[in-house]
Amino acid sequence: MEIFDIFLLEAVLNGLLLGGLLALLSLGLNLIFGVIDVVWICYAELIMCGMYAVYYLHVQYHWPLLLAMPCAIAIVAALGVVLHQFVIRPVLGAEPINQLLVTGGVLFFLQAAATLVFGIEFKNLGVALPAIAVGEMSFSASRLLAFGVALAGMVAMYLFLTRSYLGTAIRAISQDRAIMPLMGVSPTRIFVVTSALGGALAGLAACLLVLQYDIHPAIGLSFGPITFLICVLGGLGNMLGGFIAAFLFAQFISVGGFVFHLEWGYVIAFVFFIAVMFWRPQGILGSK
Amino acid sequence: MKYLALALLAATPLFGVGNYPLHLMILVLLWGYIYTSWSLMGRLGLVSFGHGAFMGIGAYVVVMLWNHYGVSPWLGVLAAFGATAVTALVIGYPCFRFKIVGHYFALVTLALSEVARLIIVALRDQTGGSLGATPNSALNEGASASLFALQFSDKRVWFYIVLAAWLAGLWIWQLVDRSMGRIALQAIAEEEEAAASIGIHVTRTKLQVTMISALMTCAGGVLYAQYQLYVNPDAVSGIAISLQMVFGVIAGGMFVRLGPTVGAAFTILLAEALRYFFGNKFPALDTTIYGAMLVLFIIFMPKGILGAAEAGWRKLTAKSPARA
């Protein structure tokens, strides 16, 4: 029983670490939705692009990781702007469901294009961070690093949104889209900045994920759905809600996966999501 | 004209078409049928990403019952229908009762299709997990058909089976289209509160069309499994297949009866044509082009191929002096 408890504690702590990463994933999507009112279904595919960017810059062109990663973040931020200008902008006035679906088309495109360009082989950065042992438990250093950077990224985002002029304008737009142009804020410009920020957050997530997982073109499908569900569970556009939901989800996956089997952890988390939707369709912290 | 085309279509296998073209036609008709089932809901504002779950239930319940208990697919399909109806009710009723619409409906149903896929993978001792499963063959000693096991090695038999399913799908589409329910659902899609205020039972009407659509998709899953004689979780459930249905319908046009079929024909023939011209040098070229075209379709041609063609045709005929 003693052993069981210590492994359970390890599962809980690993869930906490996973939660930090999931919270970072949902942050970018929530930012985009809160401001532009569009769900980027292809968000995880942007992350996949970022992972390939880190891989190619580091492994193929031998850039040091500390240079390759900021570059990858910049590349994905640029992708976010391109996505907004060429795909989202033409459908801003269209029906909401078309806005949802158009980024689904981008998902197909990016996934297939990645297969075409990069091949279907699993690629690995070849950087293995050591495992850290605490008592009888062990944690991977890359997970700890991801957790720390994710938290730091979220704090930075919070400070930017609350302390800077641009951040204030972004929050204002998300509260009332119609009135802000009258106050001298250009929604068009804010949308572009927000897309770049959302892209940059995806890029940051990519840099953290690439340390833990192999890269392949379909990797987006393995954490894309869960990111949407977290955002919806927390209340679409509500960043704090997304934060809480991410940690809840991570516990279900980690502890559920520990007690039963990894897939069952996900099944429990998804069923929990569906049940909460019936109880609070607007999400945990969302407002109607 | 319509019947002549249908007769020609029905007669094609008799002209000794090769196995490969016949296979393509079967796929187009089968997916055309499944896309038609999806569009019953989609065109009335219920955009579901959960149809992968219904297809997966159809395919796996039948194959598992056959493999583990020797239950004939004819009985298995009843079990699959039962399971699908329960699933659709458990998800649909609260969704409609608590007014989960639009984005939220799409994402809740997305969770459903992932749950279906994950359960299939998790039960790997029974289902074979991600590797998939093959129904035990009932065709021993040179037999080419087993009605009891719903296994036929002759593609012509399958052609007529899926042709019948496809025609039945179009017929149901028409029945729904001409029913009061369709008008009610259109009103609901426009403005739910207003529809309720004139006495439309929103939850019940939505559930009815969801049931029809889910059961039809389930039957599609059964046919798919029995035709391919192979199922795997990614091919019949999960987010990828659900998105494929949605986009196939959008490409073809979801507001016209043959739109989903045109979408199926377009996507399958595009993939085959690109493979024919470029060989297997570029493995994902077809989906790359397909994805780019989808984006362009939704931006510039939201009514789909057939929808746009019909609108164009109407414009042309309206301009002709005979009408004026």
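Is B:Leu229 buried, exposed or partly exposed, and how many other C-beta atoms lie within 10 Å? The model on your screen is predicted.

**Stop 1: chain A as a whole**

Select chain A. Count its elements: there are ten helices and two strands. Now trace the chain from start to end. The order is α-α-α-α-β-β-α-α-α-α-α-α.

Check the overall dimensions next. The C-alpha atoms of chain A fill a box of roughly 65 × 50 × 35 Å along the principal axes. The radius of gyration is 19 Å, and the globule rule gives 19 Å for 288 residues, so chain A is as compact as a globular protein of that length. Buried residues make up 50% of those 288 residues.

Look at who touches whom. Take the contacts in chain A with a separation of 6 or more. Of these, 75% join residues 24 or more positions apart.

**Stop 2: A:Leu83**

Select A:Leu83. You are in helix α3 of chain A, residues 65–88. Is this residue buried or exposed? A:Leu83 has 25 other C-beta atoms within 10 Å, and 20 or more count as buried, so A:Leu83 is buried.

Now show its contacts. Leaving out residues up to four places away in sequence, A:Leu83 touches A:Ile88, A:Val106 and A:Ser195. Pick out A:Ser195. It is 112 residues from A:Leu83 in sequence, yet their C-alpha atoms are 8.2 Å apart in space.

**Stop 3: A:Asp37**

Move to A:Asp37. Find it in the loop between α1 (2–36) and α2 (43–60) of chain A. Most residues other than glycine have a negative phi. A:Asp37 has 15 C-beta neighbours inside 10 Å and counts as partly exposed.

**Stop 4: chain B as a whole**Switch to chain B. It has 15 helices and two strands. Its radius of gyration is 20 Å, close to the 20 Å that the globule rule gives for 324 residues, so chain B is as compact as a globular protein of that length. The C-alpha trace spans about 65 × 50 × 40 Å along its principal axes. Of the 324 residues in chain B, 47% are buried. Among contacts in chain B with a separation of 6 or more, 74% are between residues 24 or more positions apart.

**Stop 5: B:Leu229**

Here is the residue from the opening question. Select B:Leu229, in the loop between α10 (202–228) and α11 (233–236) of chain B. B:Leu229 is partly exposed, with 16 other C-beta atoms within 10 Å. Check its backbone too. Phi of B:Leu229 is positive, about 55°, although this residue is not a glycine.

**Stop 6: two helices in chain B**

Show α13 (residues 259–278) of chain B together with α14(B). Their axes come within 9 Å and cross at roughly 135°. That angle makes α13(B) oblique to α14(B). The crossing is right-handed.

From α13(B), select B:Thr267, B:Leu270, B:Ala271, B:Leu274, B:Arg275 and B:Phe278. From α14(B), select B:Leu285, B:Asp286, B:Ile289 and B:Tyr290. By class, this contact has seven nonpolar, one polar and two charged residues.

**Stop 7: where the chains meet**

Show both chains. How many residues of chain B are in contact with chain A? There are 39, and they meet 38 residues of chain A. On the chain B side, the elements that give two or more residues are α5 (102–122), α12 (239–252) and α14 (285–300). Color α5(B) first: α5(B) gives the most, with 15 residues. By class, the side of chain B that touches chain A has 33 nonpolar, five polar and one charged residues.

**Stop 8: a helix pair across the interface**

Finish with α4 (residues 96–118) of chain A and α12(B). They pack at an angle of about 110°, with their axes 11 Å apart. The two helices are therefore roughly perpendicular to each other.

Which residues meet here? On α4(A), select A:Leu101, A:Gly104 and A:Gly105. On α12(B), select B:Leu243, B:Val246, B:Phe247 and B:Ile250. By class, this contact has five nonpolar, two polar and no charged residues.

How values were computed
Residues are numbered from 1 along each chain as its sequence is written. Chains are lettered from A and ligands numbered from 1 in the order in which they are written. This is a predicted model: local features need pLDDT of at least 70, side-chain atom pairs count only at pLDDT 80 or more; totals for chains, interfaces and linings use all residues. Two residues are in contact if their C-beta atoms, placed from the backbone, lie within 7 Å. Helices (H or I, at least four residues) and strands (E, at least two) are DSSP runs, numbered from the N terminus. Ala, Val, Leu, Ile, Met, Phe, Trp, Tyr, Cys and Pro count as nonpolar, Asp, Glu, Lys and Arg as charged, and the others, Gly among them, as polar. The radius of gyration is taken over C-alpha atoms; the globule rule is 2.2 Å times the number of residues to the power 0.38. A residue is buried if 20 or more other C-beta atoms lie within 10 Å of its own, exposed if 12 or fewer, and partly exposed in between; C-beta atoms are placed from the backbone. Axes are lines fitted to C-alpha atoms, for helices over the stretch in contact, and angles run from 0 to 180 degrees between N-to-C directions. Angles under 35 degrees count as roughly parallel, over 145 as roughly antiparallel, 65 to 115 as roughly perpendicular and the rest as oblique. A crossing is left-handed if the near helix is turned anticlockwise from the far one by less than a right angle, and right-handed if clockwise.
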